[in-house]
Amino acid sequence: MQKEGQIRIPSGCAISAVISKSGKRMSGEKIVSSMVPVHDRSNGLGGGFAAYGIYPEHRDFYALHVFFDDDVCRADCENYLRERFEIVDAEVLPTRTMREITDEPVIWRYFVYPRRTRLRALQVDEREYVVRVVMKINSTLKGAYVFSSGKNMGVFKAVGYPEDVGRYYRLEEYEGYSWTAHGRYPTNTPGWWGGAHPFALLDYSIVHNGEISSYDANRRFIEMFGYRCTLQTDTEVITYIIDYLVRRQGMTYEEAAHVIAAPFWDTISHREPEERERLTYLRTVFSSLLVTGPFSIVLGFEGGLMALNDRLKLRSMVTGHSEDGDRVYIASEEASIRKMDEDATGIYAPAGGEPVIVKVKEGRRAAVGEY
Amino acid sequence: MATELYSPGAVRINASKFDHKTLNEKIRAVGGDCTITGCLGERFIAAGMSEGHIDIEGTPGNALGAYLNGAAITVHGNAQDAVGDTMNDGEIIIHGSIGDAAGYAMRGGRIYVRGDAGYRAGIHMKEYKEKRPVMVIGGKCGSFLGEYQAGGIIIVLGLTDDSRRIVSNFPGTGMHGGVMYLRSDCDGVRFPKNVTARLATDEDMVEVESVIADYCERFDLDVDEILDAPFTKVAPDSKNPYKQMYVAN
């Protein structure tokens with residue numbers, strides 16, 4: 001059988017998210033349940049979750065979640081990792097044996113930090129170093145795929161319905177201050193574990209509902225900067241675009257949103273002069289990173305979430321919050337929000353291209369994930 | 001009139017026990033009035049139904065009342081996307097707000113919404129002879145209101161207390177039939193070239209008033225208060241709105 005990345009089939013999905021603005025940690029139970037009312041938006045070929053603040057005891061180390069075809073591939077990859085990282089901890093990622101989840105790869109979790117000598121020799125910062133190693137493994141090491149590489153966060157994904165995937169990874173046993181979820185209906189690729197959402201690099205993770213028509217244009221541009229799109233799925237490229245704009249270009253999340261979902265020239269021309277100039281600059285300089293076609297995404301990052309729709313708003317997305325205002329919810333359908341919190345209020349549909357950015361309260365950031 | 005048939009609580013169906021397919025089978029089996037409780041995202045509720053009044057508690061899923069053919073639906077909270085998709089007849093009353101693409105290709109019947117509508121309300125509504133769909137949005141609308149509208153009447157009242165414009169960007173894009181009335185002087189709203197927007201005349205208001213009177217009755221609102229404001233009438237500018245758009249015709 002051809003794997004994902006070797007074949008392209010030209011489709012829908014469900015996304016949801018929750019964050020506690022005070023940084024209070026919550027178990028994965030609710031986010032998994034949010035996928036139940038939107039079961040029919042996916043077709044059993046992919047489900048996944050990103051969780052932030054779940055590894056406080058290892059908060060200073062990069063948490064690598066890796067799929068292996070078998071233990072031989074694992075041994076090769078571990079040798080590769082050992083040369084580049086100090087491995088603080090290595091273990092099989094805990095899962096539950098379930099009838100609904102089959103064809104499991106070998107799944108391991110490593111807590112690592114870069115070897116200082118290597119880092120000095122390469123003269124790059126730590127995060128760039130981690131990105132390079134992840135790119136190298138995913139594009140050249142056969143049978144190994146790093147699907148999560150951030151600090152104090154983790155991605156959990158598989159082929160299956162999202163509510164089953166959540167049980168499979170025992171997400172009720174984790175506690176995070178922020179969670180995102182995805183149910184997949186793959187349209188361009190056959191659906192492999194690595195191709196499920198979220199797609200993550202460092203602490204950036206993306207869940208996405210849509211179909212990006214600018215994929216190849218975006219890919220060609222982003223690959224000039226060392227990123228390797230290995231899976232032919234549009235979501236992967238968005239993750240790298242965010243990493244490039246935010247980490248490497250130093251943009252704010254809002255600016256990155258105005259590159260990805262830039263307003264129409266007509267809309268820009270009617271803005272106030274200063275705003276017009278700023279939007280014109282972003283749209284002109286980063287024109288190859290304009291993402292076209294229908295999408296709604298939730299970007300997870302350390303200490304926050306950003307929800308964004310394509311500028312024509314061709315996919316649905318609503319937000320809401322708990323009565324006390326601490327929890328903010330985002331989902332493809334209001335039903336998912338009501339499943340997480342039946343008293344949720346302030347239901348709001350962000351406009352196309354209007355980013356909704358929620359951050360854990362200033363000053364609480366250091367406390368995020370405290371235990 | 002459908003509301004006269006309505007007797008709430010005649011038959012109660014708890015949606016949380018069923019998937020959308022089974023739920024719809026149950027509703028059809030009742031064949032008349034029923035109340036659905038605990039609704040949470042179940043799709044296609046009452047699709048294609050011709051009679052009865054379906055009263056909904058909770059949040060119904062997408063394509064509520066798709067192809068509705070004469071039945072009546074009342075939702076006490078919000079509804080999601082594509083309410084009344086390709087609806088032919090009947091009425092849908094929403095006490096909360098609705099998502100995107102409400103009344104998509106609707107060709108008859110009425111949709112009344114107390115709150116706001118998302119993007120593309122009334123997209124490609126159409127009419128033929130006596131079939132003339134009506135949509136009234138009590139709050140405000142997102143972008144692309146009445147996109148490709150080919151017939152029917154859309155009324156937006158803007159009754160929410162916030163600073164947003166009554167309608168967001170690109171209203172009436174590709175509109176080539178039907179009419180929209182916006183309860184506002186539409187200062188700051190930019191309409192495309194294919195439509196004309198001007199203040200409604202007394203003659204125009206005759207039709208608007210009868211629809212709004214019916215709407216106000218459903219939501220217990222004061223008709224006179226609502227009518228005491230300027231209305232802007234938006235209609236296609238020519239019989240050939242696509243002239244010069246794609247080819248030099």
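This is a predicted model: local features need pLDDT of at least 70, side-chain atom pairs count only at pLDDT 80 or more; totals for chains, interfaces and linings use all residues.
Which residue of β6(A) is the bridge partner of A:Ile87?

**Figure 1. Strands β4, β5 and β6 of chain A pair in the antiparallel sense.** The bridge partner of A:Ile87 in β6(A) is A:Val112.

**Figure 2. Seven strands of chain A form an open sheet with antiparallel pairing.** The strand order is β8-β3-β10-β1-β16-β15-β17. At the edges stand β8 (153-158) and β17 (345-348) of chain A, each of which pairs on one side only. From one strand to the next, the twist averages 10°. Within this sheet, strand β1 (residues 13-20) and strand β10 (residues 178-184) of chain A run antiparallel and are joined by seven bridges. A:Val18 has A:Trp179 in β10(A) as its bridge partner.

**Figure 3. An open sheet of five strands in chain A is also built with antiparallel pairing.** Its strands follow the order β11-β12-β13-β14-β18. The edge strands, β11 (199-201) and β18 (356-359) of chain A, each pair on one side only. The twist in this sheet averages 15° from one strand to the next. Strand β14 (residues 304-309) of chain A meets β18(A) in an antiparallel pairing of four bridges. In that region, A:Gly304 stands opposite A:Lys359 of β18(A). Helix α8 (residues 253-260) of chain A lies across β14 and β18 of chain A, and its direction is about 20° from that of β14(A).

**Figure 4. Helices α6 and α7 of chain A cross in a left-handed manner.** Helix α6 (residues 215-222) and helix α7 (residues 234-248) of chain A have axes that come within 10 Å and cross at roughly 40°. Because of this angle, α6(A) is oblique to α7(A). From α6(A), the contact involves A:Tyr215, A:Asn218, A:Arg219 and A:Ile222. They meet A:Asp234, A:Val237, A:Tyr240, A:Ile241 and A:Tyr244 of α7(A). The residues of this contact comprise six nonpolar, one polar and two charged.

**Figure 5. Helices α7 and α8 of chain A make a right-handed crossing.** Their axes come within 9 Å and cross at roughly 130°. The two helices are therefore oblique to each other. On the side of α7(A), the contact is made by A:Ile241, A:Ile242, A:Leu245 and A:Val246. On the side of α8(A), the contributing residues are A:Tyr253, A:Ala256, A:Val259 and A:Ile260. This contact contains eight nonpolar residues, with no polar and no charged ones. A:Ile241 of α7(A) takes part in this contact and also in the contact with α6(A).

Figure 6. Most residues other than glycine have a negative phi, and most peptide bonds are trans. The peptide bond from A:His197 to A:Pro198, however, is cis, with omega near 0°. B:Thr86 is not a glycine, yet it has a positive phi of about 55°.

**Figure 7. Chain B is assigned two domains and is in contact with chain A.** Domain 1 of chain B covers residues 1-96, and domain 2 of chain B covers 109-114 + 123-249. The centres of these domains, taken over C-alpha atoms, are separated by 26 Å. Their contact takes 13 residues from domain 1 of chain B and seven residues from domain 2 of chain B. On the domain 1 side, six residues are nonpolar, five polar and two charged. Between the chains, 16 residues of chain B are in contact with 15 residues of chain A. On the chain B side of that contact, two residues are nonpolar, 11 polar and three charged.

How values were computed
Residues are numbered from 1 along each chain as its sequence is written. Chains are lettered from A and ligands numbered from 1 in the order in which they are written. Two residues are in contact if their C-beta atoms, placed from the backbone, lie within 7 Å. Ala, Val, Leu, Ile, Met, Phe, Trp, Tyr, Cys and Pro count as nonpolar, Asp, Glu, Lys and Arg as charged, and the others, Gly among them, as polar. Domain bounds come from an automatic or database domain assignment. Two strands pair if DSSP finds at least two bridges between them. Axes are lines fitted to C-alpha atoms, for helices over the stretch in contact, and angles run from 0 to 180 degrees between N-to-C directions. Angles under 35 degrees count as roughly parallel, over 145 as roughly antiparallel, 65 to 115 as roughly perpendicular and the rest as oblique. A crossing is left-handed if the near helix is turned anticlockwise from the far one by less than a right angle, and right-handed if clockwise.
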